[in-house]
Amino acid sequence: MQHQKLQQSIHSSRLIESDIAKQGYKLSRLWLKLDGQGLLSLRFLFFFPLQLPLVSQRYLQTCVLILTFKRILNLHDNLVHKLLTTACFRDLSLPPKNTNKSAQSYLAEIHKSAVLSALQSKKIGLSGLSQLIKQQYAKTSVRQLLSDRLFNFACRIVNHRSINSALNWQQLLSKLCRQDALFIDSQLTDLLLQHWGDMPEGITVLNNNTQTIGYLLAVKDKSADIYQLNGHIQEYPLAALEVVQAKHKVPQKQYIDCLNNEKFLAALDKTVNPSKHGCKFILTKAELTEYLAIFNNTNQDPIDQLNKQFNKNTLLMEALKAYAAELSKSQSSFSNLRNAIMMLGLNRIRYWLARVHLENNYWHAYYDHKPLHEQYLKTAQYVASELAKKTDFIYPEQAKLLISVTLIQYLSAPQIKRFAEPPIYYSCTPDSVFGYSKQLPNEFIQAITETWQQPAWMSKSLLQLGEKPNNVLVSKQQQSTLSVIYLALASVGMTYTAQAKQQTAPEIFKQSLACLKLTSNDLYKIQQDNIVDNTCFNPLPRLIH
């Protein structure tokens with residue numbers, strides 16, 4: 001209903017341009033809030049034949065599909081907000097009704113409206129979304145961004161339902177695969193079918209025993225709760241049910257009455273799958289505390305204790321084995337957990353656990369730039385660990401942890417852009433890697449000593465991030481720590497950005513080399529070894545201008 005009011009305000013020019021965008025953002029935040037609280041049965045919302053204006057029906061179904069893939073693919077909230085907002089304005093120029101037109105002519109009108117809606121979205125200050133709106137029916141390819149492919153997929157499914165709302169679930173997918181096979185990502189079709197199943201909630205079903213029509217509320221072992229046209233809820237055997245076309249529309253008032261029906265809500269509640277359950281954290285804060293306590297216990301063999309603790313967490317155990325294989329350059333994972341523990345050593349495991357906790361809990365959701373940012377992170381971590389080997393004050397795994405802390409605020413709340421600016425060649429600070437500034441949150445600095453039980457000098461060094469090493473007069477240790485971070489970050493730009501002619505190194509770069517008693521050739525060799533050893537490459541060249 002809020003979307004209907006927004007559409008009416010746009011067409012009647014009752015809202016100024018900035019207010020229109022704000023209303024769209026507000027609606028998107030509301031969708032995310034409801035989904036995060038587990039208040040939406042997405043399948044039911046998609047299939048239940050609610051009586052709505054055409055544009056609002058298309059908006060509802062597009063948002064439902066976007067949120068469904070948020071759950072399936074664990075998409076970042078920032079990316080989902082962008083897609084939901086795009087869905088809000090994708091049909092700005094679409095006629096409100098399909099009046100006596102063939103499916104082919106109406107489809108042509110829908111495609112034409114995409115171009116006009118993109119132009120209109122620019123006029124109301126949504127230039128960042130106009131390209132996505134314009135290309136919502138363009139042919140997709142594996143080289144496109146996931147958000148492009150996903151939005152295109154959702155728009156095409158909704159189109160088929162708009163043109164022929166009587167299509168049942170199986171018919172809808174069949175028609176999509178037949179007519180749009182060359183234009184969609186088939187993997188998304190498979191994922192959606194696996195997630196929703198053959199008989200999703202909300203579809204129209206016929207009880208062959210009683211010849212009555214109803215809407216599926218919840219499937220049990222051998223039966224299902226059915227919402228009937230008379231407003232009653234009955235349980236019928238699954239064997240008697242058949243998926244049929246939705247010929248009747250349920251008025252909004254009747255649907256609102258349903259939401260006040262305790263039995264209706266109780267049945268529907270069983271189908272809700274909150275998005276917060278979509279991500280499995282392999283190491284919580286409480287679990288990390290248990291692991292770190294082992295290193296402080298001198299009464300028992302830490303290797304035996306770690307062996308027991310890792311066996312309680314299969315995902316973490318497999319991650320440890322894989323990491324041991326990676327560092328030993330083994331072709332296969334370690335089959336024996338104890339061997340993996342002994343290969344890595346206690347010091348390395350201690351810092352690795354803290355890093356896993358940080359990255360897994362704050363950088364778990366997917367967004368378009370994540371593969372690229374992962375390459376940036378791994379490049380800086382590798383170089384930092386190699387630089388640490390040339391010093392006597394920091395372990396290689398500690399250096400990797402410092403890089404993760406330094407970059408985490410950029411990774412956990414990324415800017416959702418279609419393209420990213422390349423790093424500055426001498427990218428000694430995080431803002432020169434990502435192209436914008438962010439302040440390191442105190443919670444991460446405090447976690448170094450309080451949660452991860454690391455020495456205080458690590459957090460003190462991060463508090464001075466951005467200062468030139470020669471200006472840090474507190475201790476040589478902090479100077480060296482900052483120098484490791486600066487040079488590790490510089491290696492990102494040196495790897496992914498071409499050096500301009502006669503480009504001179506900044507003072508912060510020169511001081512960092514001098515502090516660690518290295519030359520630029522020493523750093524260049526480490527950076528080149530990383531490219532060779534880790535097959536370092538830009539996975540998404542289309543992202544960078």
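View 1. The model is predicted: local features need pLDDT of at least 70, side-chain atom pairs count only at pLDDT 80 or more, and totals for chains, interfaces and linings use all residues. Residues are numbered from 1 along each chain as its sequence is written, and side-chain values use heavy atoms, with hydrogens and water left out.

**View 2. Strands β1 and β2 form a hairpin.** Strand β2 covers residues 212–219 and runs antiparallel to β1, to which four bridges join it. Two strands pair if DSSP finds at least two bridges between them. V205 stands opposite G214 in β2. Four residues lie between the two strands, and Q211 in this turn has a positive phi of about 60°.

**View 3. Strands β1 and β5 pair in the antiparallel sense.** Strand β1 spans residues 204–207, and three bridges link β1 with β5. N207 stands opposite L241 in β5.

**View 4. Five strands make an open sheet.** The order is β4-β3-β2-β1-β5, with antiparallel pairing. The edge strands, β4 (233–237) and β5 (241–243), each pair on one side only. Neighbouring strands of this sheet are turned by 50° against each other on average, direction ignored (axes are lines fitted to C-alpha atoms, for helices over the stretch in contact, and angles run from 0 to 180 degrees between N-to-C directions).

**View 5. Helix α4 is largely enclosed by the rest of the structure, because 18 of its 20 residues are buried.** The helix comprises residues 54–73 and reaches 28 Å from its first C-alpha to its last, close to the 28 Å expected at 1.5 Å a residue (the expected span is 1.5 Å times one less than the number of residues). Just after α4, N74 takes a positive phi of about 55°.

**View 6. L116 has its place in helix α6 (residues 103–123).** L116 is partly exposed, with a relative accessible area of 39%.

Notes:
Buried means under 20% relative accessible area, exposed over 50%, partly exposed in between (1.4 Å probe, protein chains only).
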